[in-house]
Amino acid sequence: MKKYIALLMALLMVLSLSACGKLEEEKVYEGTASYDKNDDSIGDIVDLTKLSSTMVYSEVNQIMITPEKYIGKTIKMAGKCALYYNQQDESKTYYSCIISDATACCSQGIEFTLKEGDAYPDLNTDITVEGTFASYKEDGTTYYHLENAKLL
Amino acid sequence: MNFFVKIINDLQTYFEFPFVRYALIVGILISLCSSLLGVTLVLKRFSFIGDGLSHVAFGAMAIASVLKLTNNMPLILIITVLCAILLLRSGSRRKIKGDAAVAMISVGALAMGYLMLNVLNPSSNLTGDVCSTLFGSTSILTLTKTNVYICIVLSVLMLLFFVFFYNKIFAVTFDENFALATGTKANLYNLLIAVVVAVIIVLAMNLVGSLLISALVIFPALSAMRVFKSFKSVTICSAIFSVVCTTLGLLISIVAGTPVGSTIVAVDIVGFLGFYVAGLIKGGKKA
């Protein structure tokens with residue numbers, strides 16, 4: 001009898017946990033963008049500078065996995081400036097804000113494009129950048145970046 | 001006081017993120033499962049098998065990366081379960097026995113996995129891939145929904161196995177020969193335990209990484225054994241210890257920005273020391 005009660009408890013526990021998962025799934029968009037509590041338009045701002053390094057890495061990973069959910073959001077992040085050159089067209093340089101995980105072995109970043117006329121930072125400079133998350137196409141591939149970004 | 005208020009506010013903010021809640025759910029389930037079987041493994045002196053199988057899982061993950069599989073868990077599960085059966089298959093006909101077989105498969109899988117990642121890996125971030133797999137990094141906070149559901153289903157199966165076969169596991173753990181003599185199919189249960197261990201290892205890789213998995217299996221059981229003596233009380237205490245330590249470690253790593261896996265293991269070590277002292281005090285009082 002005890003065995004069946006324990007079994008029922010285990011099932012109920014897991015069913016309740018599964019239910020939590022489903023609710024969260026529906027709230028995913030609201031949840032990820034709602035942590036700037038001082039701003040009325042909270043749903044539109046994703047401020048990564050307020051998070052711990054573990055959280056920043058995880059949230060940037062979320063942005064990379066589901067970029068379409070972040071289109072149009074204002075993203076603010078702090079990290080190191082990285083440069084990439086287009087191998088076909090060397091005049092094109094791409095700038096990214098890179099963050100590392102807590103073990104410092106993995107890093108991820110988001111490309112940013114500053115407003116016309118603004119000067120870009122040097123490689124490996126510590127930067128805080130804010131811009132609107134958007135997509136663009138190049139050579140048939142969709143890329144994501146922070147457009148009209150500004151350095152803070 | 002302000003410090004604690006800030007931590008609570010930070011945690012409230014972080015729990016708005018779905019991936020933090022997923023991590024907590026999966027973390028609790030994995031720690032619960034690993035601690036339940038940890039008692040059996042420690043008592044049967046199979047502690048090192050967890051370590052060996054975790055290296056096998058690393059090798060399997062390398063194969064999945066090379067094959068560019070989106071969902072690598074099924075492949076890792078199959079390979080790890082097969083190796084677990086191979087390692088725990090009892091019988092006197094085996095030419096390479098016990099710890100030598102574990103060491104051989106463990107080191108071989110680790111070396112082949114790293115070699116494959118180096119030579120054939122399509123990703124340019126080799127260091128990141130290896131480090132993330134070995135030490136967990138933030139894997140638990142970057143789980144996909146599919147991974148979360150697989151973890152939940154497998155954890156339920158593990159719990160059902162433990163609840164249904166508690167008496168058989170108890171018998172096989174303490175006296176295999178007696179269990180055989182009383183008609184219990186000890187070899188079959190050993191095989192089932194091997195399969196379950198392999199599944200837990202694969203699940204736990206997301207939580208603490210393949211190098212730190214043994215901590216989840218060993219520390220809760222050893223800590224509980226410092227204070228309690230019966231199989232049942234040790235198992236219950238081990239489960240509570242593991243869930244509390246994992247939750248604490250996960251929350252600390254999220255707030256302080258430390259690596260998830262090693263923070264959980266650090267909390268396990270502190271917990272073990274606490275139980276060790278408690279055991280000494282309890283023993284002293286009895287004397």
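This is a predicted model: local features need pLDDT of at least 70, side-chain atom pairs count only at pLDDT 80 or more; totals for chains, interfaces and linings use all residues.
**Chain B overall**

Chain B is built from helices: it has 13 of them and zero strands. Read along the sequence, the pattern is α-α-α-α-α-α-α-α-α-α-α-α-α. Of the 287 residues in chain B, 48% are buried. Among contacts with a separation of 6 or more, residues 24 or more positions apart account for 74%.

| Property of chain B | Value |
|---|---|
| Helices in chain B | 13 helices |
| Buried share of chain B | 48% of 287 residues |
| Contact share in chain B, residues 24 or more positions apart | 74% of contacts with a separation of 6 or more |

**Helix H11**

H11 of chain B spans residues 213-227, and B:Ala224 lies in it. The helix is mostly covered, with twelve of its 15 residues buried. The buried residues include B:Ile213, B:Leu216, B:Phe219, B:Pro220 and B:Ala224. B:Val217, B:Ile218 and B:Leu222 are also among them.

**B:Ala224**

Why is B:Ala224 classed as buried? There are 27 other C-beta atoms within 10 Å of B:Ala224, and the class requires 20 or more.

Which residues does B:Ala224 touch, not counting residues up to four places away in sequence? They are B:Val234, B:Cys237, B:Ser238 and B:Phe241.

B:Gly249 gives a further reference point. B:Ala224 and B:Gly249 are 25 residues apart along the chain. Their C-alpha atoms are separated by 18 Å.

Note on methods:
Residues are numbered from 1 along each chain as its sequence is written. Chains are lettered from A and ligands numbered from 1 in the order in which they are written. Helices (H or I, at least four residues) and strands (E, at least two) are DSSP runs, numbered from the N terminus. Two residues are in contact if their C-beta atoms, placed from the backbone, lie within 7 Å.
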